[in-house]
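Hello,

Here is the structure you asked about. Please open it alongside this note; what I found follows below.

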Amino acid sequence: MGNGAKAAQKRERNAEKNAGKGGKSQAKVNEAAKSIVCAVCRQPFLITTRAPALEEHSSNKHSKSMAECFPNYGK
Ligand SMILES: [Zn+2]
């Protein structure tokens, strides 16, 4: 007796924790999303985009350096 209730409580708390965590980070992602914009073609990138991907875009699409296309990156 008591064990089942405790387990259920624990499960509930975990679910709450996970939901809160996921919701918060998702909102944060949405808020910050697409805050990197290519200065040349205005293509938006997620803030989480890594430098190599931006560099690839710069050289592949524009034959430019990353600094020319994304002067604000990392600032
Ligand atoms: Zn571009």
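**Confidence and overall layout**

pLDDT is the predictor's confidence in each residue, from 0 to 100. Helices (H or I, at least four residues) and strands (E, at least two) are DSSP runs, numbered from the N terminus. For the protein, the mean pLDDT is 80, and 71% of residues reach 70 or more.

This is a predicted model: local features need pLDDT of at least 70, side-chain atom pairs count only at pLDDT 80 or more, and totals for chains, interfaces and linings use all residues. Residues are numbered from 1 along each chain as its sequence is written.

The protein has three helices and two strands. Along the sequence they follow the pattern α-β-β-α-α. Of the 75 residues, 7% count as buried. The cut-offs are these: a residue is buried if 20 or more other C-beta atoms lie within 10 Å of its own, exposed if 12 or fewer, and partly exposed in between, with C-beta atoms placed from the backbone.

Two residues are in contact if their C-beta atoms, placed from the backbone, lie within 7 Å. Of the contacts with a separation of 6 or more, 23% are between residues 24 or more positions apart.

**The annotated domain**

UniProt, in an unreviewed entry, places the feature "domain: At2g23090-like zinc-binding" at residues 38-72. UniProt positions are given in the numbering used here, feature names are shortened, and annotations may be inferred rather than shown by experiment. Over residues 38-72 the chain is 46% helix and 6% strand. The end C-alpha atoms of that stretch are 9 Å apart.

**Helix H2 and what follows**

Glutamate 56 is in helix H2. Glutamate 56 is exposed, because 12 other C-beta atoms lie within 10 Å. The C-alpha atoms of glutamate 56 and methionine 66 are separated by 8.1 Å, and the two residues are ten apart along the chain.

Serine 63 follows H2. Serine 63 lies in the loop between H2 and helix H3 (66-69). Its phi is positive, about 55 degrees, although serine 63 is not a glycine. Serine 63 counts as exposed because it has 8 C-beta neighbours inside 10 Å.

**Around the strands**

Arginine 42 also has a positive phi without being a glycine, at about 65 degrees. Arginine 42 is found in the loop between strand E1 (36-37) and strand E2 (44-45). With 7 C-beta neighbours inside 10 Å, arginine 42 counts as exposed.

Leucine 46 lies in the loop between E2 and H2. Leucine 46 has 13 C-beta neighbours inside 10 Å, so leucine 46 counts as partly exposed. Leucine 46 and serine 35 are eleven residues apart in sequence and 6.2 Å apart in space, C-alpha to C-alpha.

**The segment after H3**

Which residues does tyrosine 73 touch, not counting residues up to four places away in sequence? Tyrosine 73 touches Ile36, Ala51, Leu54 and Met66. Tyrosine 73 sits in the segment after H3. Tyrosine 73 counts as partly exposed, because it has 16 C-beta neighbours inside 10 Å.

Best wishes
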